[in-house]
Amino acid sequence: MGETVVKIANLVKNYKELRALDHLSLTIEKGEIFGLLGPNGSGKTTTISCLLSLLAYNEGTIELFGQPMTPTSYDLKARIGVILQNVAVFDELNVYENIDCFCGLYIKDKARRRQYVDEAIEFVGLNDFTGFKPKKLSGGLLRRLNIACGIAHKPELIILDEPTVAVDPQSRNKILEGIEELNKNGATVIYTTHYMEEVEQICTRIAIMDHGKKIAEGTSGELKRLIKNTETVTIEMKEVNNALLNTMKGLPNVYDVKWEAGRLKIYLAGGEHNLLNIMDALKTSGTGFGQVYSELPTLNDVFLEITGKELRDKD
Amino acid sequence: MFLHNLKYEIKMNLRAKEVIIWMLLFPCVLSVLYKVAFGNIYENGGIKTVPVAVVENRKDDMFRIMMSWMGESKSTHEEEESNLVKWLTKTIKEKEENESTGEEEKPLLFHAIYCREDEAYRLLEDGDVKGIIFVDADGVPADTDAKKDDAADKESDEEITEWGSEAVKAFLDELGEAGHADINEGISAADYLTSEGLTLEDMVEFKDMLNSSSRLSLKIKSNGMEQSSIKRFLEMYGTLIKITGKLADGGNSPGTKNVMDIVVIEDVKLTDGNTDQFVTYMYNMIAMVALFGMTVALHIALYSEANLSDFGARRSCSATPKFTTIMAGLCACCFTQIFCVSVCITFQALVLRVDFGGRLPLVYLGGAIGAIMGVSMGFFVGAIGRIKYEAKIGISMAVVMTLSFMSGLMVSGIKAILEMHAPIVNDLNPVAIVADSFYYLSVDADTGRYFGKLAAMCIYTVIFIALGFLLTRRRKYESL
């Protein structure tokens with residue numbers, strides 16, 4: 001077992017009547033990319049704020065690198081890099097100056113700082129924009145600058161709070177690749193988002209949150225194994241009769257069949273050759289159909305099955 | 001880390017468009033506008049001579065002397081003047097010639113044309129004169145029939161009142177100094193005339209001249225600066241007649257000194273400074289710029305408090321203590337603000353040639369401390385509550401403009417009104433405190449009152465900074 005970087009135990013945070021965090025416990029090991037996944041209002045940002053000692057909490061303990069985290073733990077803070085949800089850069093300073101300004105909050109030595117700033121610019125790919133003011137940058141480039149400001153001092157623990165909100169796909173991929181690279185270079189990463197695809201793509205371990213509680217934790221595969229569904233087959237067809245529905249329900253490993261909006265969805269729990277069995281049944285019934293495709297379960301399915309609701313509103 | 005933060009805070013302040021517009025461009029442009037609009041009114045030779053017709057239904061020597069002193073006169077009908085009038089006119093003219101340096105000429109305020117009523121109306125109709133003064137027997141001195149409180153004239157009237165007050169004060173000084181007598185000490189003009197060897201008849205004539213005041217009335221065709229100047233002159237002349245009448249009766253009556261106090265507002269030792277209204281506007285302008293430090297310093301708390309901005313959250317997560325970032329912010333804002341105030345003072349002193357009484361270094365000192373006070377106020381306001389930054393900017397601007405208004409930046413008389421009805425407002429108004437410090441430098445020979453105002457600024461600064469730190473002392477927040 002590696003070194004524990006973050007240890008949160010029984011954390012409770014109340015906003016007057018509302019319980020934002022309900023006895024939350026988390027342990028994050030060194031070298032992990034830990035994903036905090038949950039819908040808006042589930043308590044992800046509150047967890048991060050408590051972790052950084054910005055918010056006062058009602059109960060529980062927080063330890064970073066084996067030491068209690070307090071507002072005056074400047075030695076601990078020097079080992080953390082924070083990229084908050086909203087872009088926080090100064091309009092009056094150009095790209096280089098912004099990164100240098102924030103890096104200077106951690107690194108005193110000028111020469112070392114200069115080197116770190118150059119490396120951060122290189123890392124986020126803003127070499128051609130060093131003299132640009134933030135207002136001249138696109139949304140994606142601005143996000144990259146925001147990240148550079150948070151990681152320039154080479155922190156051991158990087159906390160990213162929804163860094164890809166309102167970012168174009170190209171910049172999003174660049175950001176995700178960057179996070180993986182930072183992790184390869186030795187940084188432990190805490191990544192909060194409500195985009196399950198991102199979490200599945202980069203996180204080594206995931207905690208799913210809802211209403212301030214951790215409802216599940218593990219790797220992507222472990223979480224998916226928590227639920228009954230292993231595969232969903234979708235068949236596009238104009239109409240369906242009761243005989244076909246009953247046939248499908250009777251097939252091996254099928255535990256549910258739904259007909260909605262021109263699509264027949266067949267939910268399967270384990271087994272083999274499921275798609276072949278379904279195709280044979282279709283041929284026998286003589287019903288016309290369009291596309292047929294099979295999907296593996298997602299974290300949304302995990303969330304749906306555990307909470308009975310979607311992880312996020314459908315776009 | 002302090003110096004690193006300081007460097008970037010200064011950079012950000014000096015690059016902020018709001019700073020350039022409100023701290024540098026706005027006051028300079030406004031100063032130039034004031035200079036163009038009002039500067040010439042107060043400068044020697046800058047006053048336009050107002051042509052006025054005088055219709056004498058009754059001969060009033062005192063009024064004639066006053067008019068001849070205020071400008072040049074001509075008459076359509078020659079008339080023999082009395083010995084006393086000739087002597088008074090001659091004495092004043094001699095004194096003026098002796099004191100004349102050749103560079104400064106006494107401005108001609110009026111060009112009086114003594115004529116018949118029908119001629120006067122024709123001149124007024126043709127626009128050759130701006131008004132007709134009727135000198136009638138009996139009645140209340142210096143009463144005018146001109147429309148009072150005309151809204152269109154109000155602003156210019158304020159200026160003319162000041163100007164008229166100065167003119168009458170100057171006349172009294174001339175009269176007093178010509179006879180080596182100090183009117184303020186209550187030595188009567190009659191005593192002076194005796195010492196000059198004039199006869200009893202001359203004294204009686206002088207007393208009659210002062211006591212037999214005429215009823216003066218004014219006809220004008222339209223309203224304007226020139227008409228207002230005639231109107232105000234007549235009002236001030238009425239006051240003068242009241243005073244000199246009492247002096248002629250002995251000058252020691254209990255009410256005399258009080259009456260004098262109305263005209264000679266302040267009898268303190270003057271420096272070479274300029275006390276005219278234009279300069280007061282300029283002092284208020286610098287005070288306003290100093291107090292604009294409020295808007296510059298609003299961000300200090302905002303960028304340090306995690307519950308007020310994302311910058312605050314980012315800084316609160318960093319390895320730099322909050323105290324360091326706040327101190328760096330305060331120092332940077334003080335530097336920026338002192339720079340802006342210094343530019344404003346330099347611009348006024350060197351470009352607009354505003355007279356600071358020859359004590360420019362102390363003006364810079366006053367401006368600098370005023371700027372620090374403004375910054376401390378901004379730090380305090382920025383730390384209050386979770387109000388939007390834009391709203392705080394708006395509130396700060398409104399506060400500064402209101403305080404500047406009460407200090408007389410927009411309306412010259414407002415400060416005097418407050419001084420009369422609620423002097424505590426002027427004592428507490430930070431803009432007035434800064435402006436007064438410059439004023440005292442200009443009019444006082446010593447610096448006692450000036451340093452008193454500086455002390456008041458320092459007290460304000462300490463209070464606001466202490467309150468600001470009190471509000472930003474939190475390390476954890478209940479909500480973000």
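Two strands are taken to pair if DSSP finds at least two bridges between them. On that basis, in this predicted model, strand β12 (residues 254-260) of chain A and strand β13(A) pair in the antiparallel sense over six bridges, with Lys258(A) standing opposite Lys265(A) in β13(A). Two residues lie between the strands of this hairpin, in which Ala261(A) takes a positive phi near 50°. Strand β13 (residues 263-268) of chain A also pairs with strand β11 (residues 231-236) of chain A, again in the antiparallel sense and over six bridges, and here Arg263(A) of β13(A) stands opposite Glu236(A).

Elsewhere in chain A, six strands form an open sheet of mixed pairing, in the order β6-β7-β8-β3-β9-β10. The edges of this sheet are formed by β6 (80-83) and β10 (213-218) of chain A, each of which pairs on one side only, and the twist from one strand to the next averages 15°. Within the sheet, strand β3 (residues 33-37) and strand β8 (residues 188-193) of chain A pair in the parallel sense over five bridges, an arrangement in which Gly35(A) stands opposite Tyr191(A) in β8(A).

Two helices may be described in relation to these strands. Helix α5 (residues 139-151) of chain A packs on the sheet, where it touches β6 and β7 (157-161) of chain A, and its direction makes about 160° with that of β6(A). Helix α11 (residues 299-307) of chain A, in turn, lies across β3, β9 (205-210) and β10 of chain A, and runs at about 40° to β9(A).

Note on methods
Residues are numbered from 1 along each chain as its sequence is written. Chains are lettered from A and ligands numbered from 1 in the order in which they are written. This is a predicted model: local features need pLDDT of at least 70, side-chain atom pairs count only at pLDDT 80 or more; totals for chains, interfaces and linings use all residues. Side-chain values use heavy atoms; hydrogens and water are left out. Helices (H or I, at least four residues) and strands (E, at least two) are DSSP runs, numbered from the N terminus. Axes are lines fitted to C-alpha atoms, for helices over the stretch in contact, and angles run from 0 to 180 degrees between N-to-C directions. Contact means heavy atoms within 4.5 Å.
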